[in-house]
Amino acid sequence: MELIQSFSVDHTRIVPGIFTSRVDLLGDYTVTTYDIRLKKPNVEPAIDVAAMHSLEHIIATYLRNDPEWKDEVIYWGPMGCLTGFYLILKGSRAPKEIYDLLLCAFKSVEDNSEVPGAAPVNCGNYLMHNLEMAKWYAAEFVSYLEENAENSAIFEYPKTERLVTDDGQHFFDS
């Protein structure tokens with residue numbers, strides 16, 4: 001079985017940032033999946049589950065209401081490892097082209113006095129939210145993005161290199 005594309009990223013070298021995870025052609029449409037990484041995997045603690053849930057609600061609401069981008073947004077949701085989010089947009093843009101959108105989205109978290117859609121009728125686990133921690137994580141990511149805006153490492157995935165033997169075995173480069 002082939003290793004999926006997101007597992008080919010060297011998680012020992014990735015830093016927080018905005019990365020193109022994959023680009024797919026779906027019929028006549030191109031869609032791009034972005035890896036919005038808030039934490040360094042296996043080094044920093046994962047994001048608190050309740051805060052992650054709140055960030056999901058707040059930023060999804062922001063993205064789907066942004067006048068310039070709302071028609072481009074297909075999906076916003078958390079990674080299973082709780083170190084970041086996936087954003088799927090119509091089209092294909094370089095990560096730097098969505099930097100301002102994401103910076104504004106994460107800055108907007110501070111303006112919320114409640115989590116949108118955090119009611120039993122709107123959410124499958126409406127009690128599992130933590131707005132104050134969501135604000136803390138968002139502010140931390142905003143500071144990081146602003147401090148590293150000119151650092152190409154926050155826009156370029158570190159890929160693993162693999163040696164493939166004649167019989168098809170894969171080995172990671174050390």
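**Salt bridges**

Trainee: How many salt bridges does the count come to?
Mentor: The count comes to 6 salt bridges, where a salt bridge is a side-chain nitrogen of Lys or Arg within 4 Å of a carboxyl oxygen of Asp or Glu. Keep in mind that this is a predicted model: local features need pLDDT of at least 70, side-chain atom pairs count only at pLDDT 80 or more, and totals for chains, interfaces and linings use all residues. Residues are numbered from 1 along each chain as its sequence is written, and side-chain values use heavy atoms, leaving out hydrogens and water.

Trainee: OK, what does Arg-22 meet in a salt bridge?
Mentor: Arg-22 pairs with Asp-24, at 2.7 Å from N to O.

Trainee: And why does Arg-22 count as partly exposed?
Mentor: Because its relative accessibility is 35%; buried means under 20% relative accessible area, exposed over 50%, and partly exposed in between (1.4 Å probe, protein chains only).

Trainee: Next one: which side chain does Asp-35 meet?
Mentor: That's Arg-37, again in a salt bridge, 2.7 Å from N to O.

Trainee: Is Asp-35 buried or exposed?
Mentor: Asp-35 is buried, at 0% relative accessibility. Arg-37 is buried too, with a relative accessible area of 2%.

Trainee: Switching to Lys-39, what's its salt bridge with Glu-44 like, N to O?
Mentor: The Lys-39 to Glu-44 salt bridge is 3.6 Å, N to O. Lys-39 is buried at 5% relative accessible area, while Glu-44 is partly exposed at 28%.

Trainee: Which residues do shared partners join into one network there?
Mentor: Lys-39, Glu-44 and Glu-140, through salt bridges that share partners.
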